[in-house]
Amino acid sequence: METGLLILLYIISFFQASEAKQKSSNLDCLYDSFETIICTWIPVKNAMKGQYQLTASVEYEKPPKTCQMNGTSIRSCKLILEDYSLTVTDTILLVVSYYTGEKWTEVHNQRIEPFKI
């Protein structure tokens, strides 16, 4: 896939997340219809500072994919799902987790159907 298109998807995702309300955490994701999901997460205002990760999984026997969420107030990452061979019927579970120093704790989860508008 062309690098320019990935950058454009990232910018669109960033602006969508920037417009989100701060009443609750918000996870916005864009799927490029090939293999990449770019997600931007805005935590609630009083969220812990530290290490966050995003995990994607599907409802069949493929191992989950994880990426570190970079940023301070708005965090983002890119997941490559080429091994998943997604179809129009697939649902992806996205989980944002925070590292407490001992274990990963789920702070947000969301299901997406990447091929549905």
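Tyr-52 and Tyr-98 are both buried, a term that stands for under 20% relative accessible area, with over 50% counted as exposed and anything in between as partly exposed (1.4 Å probe, protein chains only). The model is a predicted one, in which local features need pLDDT of at least 70 and side-chain atom pairs count only at pLDDT 80 or more, while totals for chains, interfaces and linings use all residues. Residues are numbered from 1 along each chain as its sequence is written, and side-chain values use heavy atoms, with hydrogens and water left out.

The two tyrosines make a handy way into the fold. Together with Trp-41 they form one aromatic cluster. A pair of aromatic rings is described by the distance of the centres and the angle of the planes. Here, rings of Phe, Tyr and Trp (its six-membered ring) pair if their centres lie within 6.5 Å; planes under 30 degrees apart count as stacked, over 60 as edge-to-face and the rest as tilted. The search of the whole structure returns four aromatic pairs. One of them is Trp-41 with Tyr-52, a tilted pair with 5.0 Å from centre to centre and 50° between the planes. Trp-41 belongs to strand β2 and Tyr-52 to strand β3, so this pair ties together parts that are eleven residues apart in sequence. Trp-41 is buried, as is Tyr-52. The rings of Tyr-52 and Tyr-98 also have their centres 5.0 Å apart and their planes at 50°, so that pair is tilted. With Tyr-52 in strand β3 and Tyr-98 in strand β6, the pair ties together parts that are 46 residues apart in sequence. Strands here (E, at least two residues), like helices (H or I, at least four), are DSSP runs numbered from the N terminus.

Next come the sheets, for which two strands pair if DSSP finds at least two bridges between them. Four strands form an open sheet in the order β4-β3-β6-β7, with antiparallel pairing. At its edges stand β4 and β7 (104-112), each with a single partner strand, so one side of each is left without a neighbour in the sheet. From one strand to the next the twist averages 20°; the axes behind such angles are lines fitted to C-alpha atoms, for helices over the stretch in contact, and angles run from 0 to 180 degrees between N-to-C directions. The antiparallel strands β6 and β7 are joined by eight bridges, and Ile-92 has Ile-112 as its bridge partner in β7.

Three strands form another open sheet, ordered β1-β2-β5 and paired in the antiparallel sense. In this sheet β1 and β5 are the edge strands, each with a single partner, so one side of each is left without a neighbour. Six bridges link β1 to β2; along them, Tyr-31 stands opposite Ile-37 and Cys-29 has Cys-39 as its bridge partner. The two strands form a hairpin with four residues between them, and Ser-33 in the turn has a positive phi of about 70°. On its other pairing, β2 meets β5 over six bridges, with Thr-36 partnered by Ile-80. Seven of the seven residues of β2 are buried, so this strand is largely enclosed by the rest of the structure. Both of its faces are covered, with Thr-36, Ile-38, Thr-40 and Ile-42 on one side and Ile-37, Cys-39 and Trp-41 on the other.

In soluble globular proteins, nonpolar side chains tend to be buried together. The largest nonpolar core has 21 residues, and those with the most contacts inside it are Leu-54, Leu-81, Ile-92 and Leu-94. Such a core is a set of buried Ala, Val, Leu, Ile, Met, Phe, Trp, Tyr and Cys residues joined through side-chain atoms within 4.5 Å. Leaving aside neighbours within four places in sequence, Leu-94 is in contact (heavy atoms within 4.5 Å) with residues including Leu-27, Cys-39, Leu-54 and His-108.

His-108 itself sits in strand β7 and, at 15% relative accessibility, counts as buried. Although 54 residues separate His-108 from Leu-54 in sequence, the two are 9.5 Å apart in space, C-alpha to C-alpha. Not counting residues up to four places away, His-108 touches Ser-25, Leu-27, Trp-41, Leu-94, Val-95 and Val-96.
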